[in-house]
Amino acid sequence: MKVLVTGGAGFIGSHLVERLLAEGYSVVVIDDFSTGRKENLLGIQGFEKLEVFEVDITDRNALEEVFPIVDWVFHLAGKADIVPSIESPCMYYETNVTGTLNILQCSVSNGVKRFIYAASSSCYGIPQHYPTPETADISPRYPYALTKYLGEELVKHWGEVYKLPVISLRLFNVYGLRSRTTGAYGAVFGVFLGQKLKGKPFTVVGDGEQSRDFTYVTDVADAFYQAAKSSQSNLILNVGSGSHYTINKLVGLLGGDVINIPKRPGEPDCTFADVALIQKELGWQATVSFEDGVKNMLDNIDHWSDAPVWDEEAINAVTKTWFKYLS
């Protein structure tokens, strides 16, 4: 069986590619390497069942030239981060919406049997209920969240109209090895591990009692695999750990000094997925504990040696747009 992973050189995508190859599938990766890293595929380069194409999903003509006849498509390619999406919304729309449309059209044209979409729990905005179910109100607070949700709506519609068997996985806070180390200020693990390596204090937003549904990346890759293997379709499913953990707990596990910086507007105090539906429909649940996941990252902390070191002044400068538009 042959499968396609868009964004397969990225953080989550590369783990999924490894999992699929280990299960015996032939894998085609499409990635423009704007955020994905060739280094993420070093351990599997030369694998006879792996093909890699450097293509931008917004380039429909180039995409059609390389789009293979495959059984499954895992669509993970997209632009992330909050501040850049506020500053460049058109670019985010082009990639996360038009790019998704292009992948859907190619999938329909090539008779794809399963289409799994990497959606975002940011579509819930600041939820009213915890744990948050898939039926919660949709309230995206910034262009990244909106464009990922619009992509999800396209996936759902193509499933209904063109009978493409689709499943949308709303990912919560994914962490683990190969998470991005460079680029925009964003994910807390990249910020904190870069600071720890350089002996700098952790910049904790607010009082640190906000909590996140941290889910380890290999568990997330398994959720994609189980979704594709299942006979279910036209589903939207949360992917979370089954719990949530405060930033103060994370800091305690990492070990180091702390400085507190102002709380940011538009961020929920808690993210916590209701995972009852994915457990029911796919029999999936996370298996890596938060403590084990953090330890694994600390054991491999040199991966973050090229991460930018953020201090309070640098964070204030780069998040001005955040406060300007989301306050």
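Q: At what angle do helix α8 (residues 247-254) and helix α10 (residues 290-299) pack?
A: In this predicted model, the axes of α8 and α10 are 10 Å apart. The crossing of these two helices is right-handed. Their packing angle is about 50°.

Q: Which term describes the orientation of α8 and α10 to each other?
A: The angle between α8 and α10 is about 50°. Roughly parallel applies under 35 degrees, and roughly perpendicular from 65 to 115. The two helices α8 and α10 are therefore oblique.

Q: Within what distance do the axes of helix α6 (residues 188-197) and α8 come?
A: The helix α8 also meets α6, and α6 passes α8 in a right-handed crossing. Their axes cross at roughly 35° and come within 12 Å.

Q: How many nonpolar residues are in the contact of α6 with α8?
A: Val 188, Phe 189, Phe 192, Leu 193 and Lys 196 in α6 meet Ile 247, Leu 250, Val 251 and Leu 254 in α8. By class, this contact has no polar and 1 charged residues, and its nonpolar residues number 8.

Q: Which term describes the orientation of α4 to α5?
A: The axes of helix α4 (residues 89-109) and helix α5 (residues 143-161) come within 9 Å and cross at roughly 15°. Angles under 35 degrees fall in a single class. The orientation of α4 to α5 is therefore roughly parallel.

Q: How many polar residues does the contact of α4 with α5 have?
A: The α4 side includes Tyr 92, Asn 96 and Leu 104, and the α5 side includes Thr 147, Gly 151 and Trp 158. By class, the contact has 13 nonpolar and 1 charged residues, and its polar residues number 5.

Q: Why is the protein chain described as being as compact as a globular protein of its length?
A: The chain holds 12 helices and 13 strands, and its C-alpha trace spans about 55 × 45 × 40 Å along the principal axes. For 327 residues the globule rule gives 20 Å, so the chain counts as compact on the basis of a close radius of gyration, 19 Å.

Conventions: Residues numbered from 1 in each chain as written. Predicted model: local features only at pLDDT ≥ 70, side-chain atom pairs only at ≥ 80, totals over all residues. Heavy atoms only, no water. Axes fitted to C-alpha atoms, helices over the stretch in contact; angles between N-to-C directions. Helix = DSSP H or I, 4+ residues; strand = E, 2+ residues; numbered from the N terminus. Parallel < 35°, antiparallel > 145°, perpendicular 65-115°, else oblique. Contact = heavy atoms within 4.5 Å. Nonpolar A, V, L, I, M, F, W, Y, C, P; charged D, E, K, R; others polar. Rg over C-alpha atoms; globule rule 2.2 N^0.38 Å. Left-handed = near helix turned anticlockwise from the far one by under 90°.
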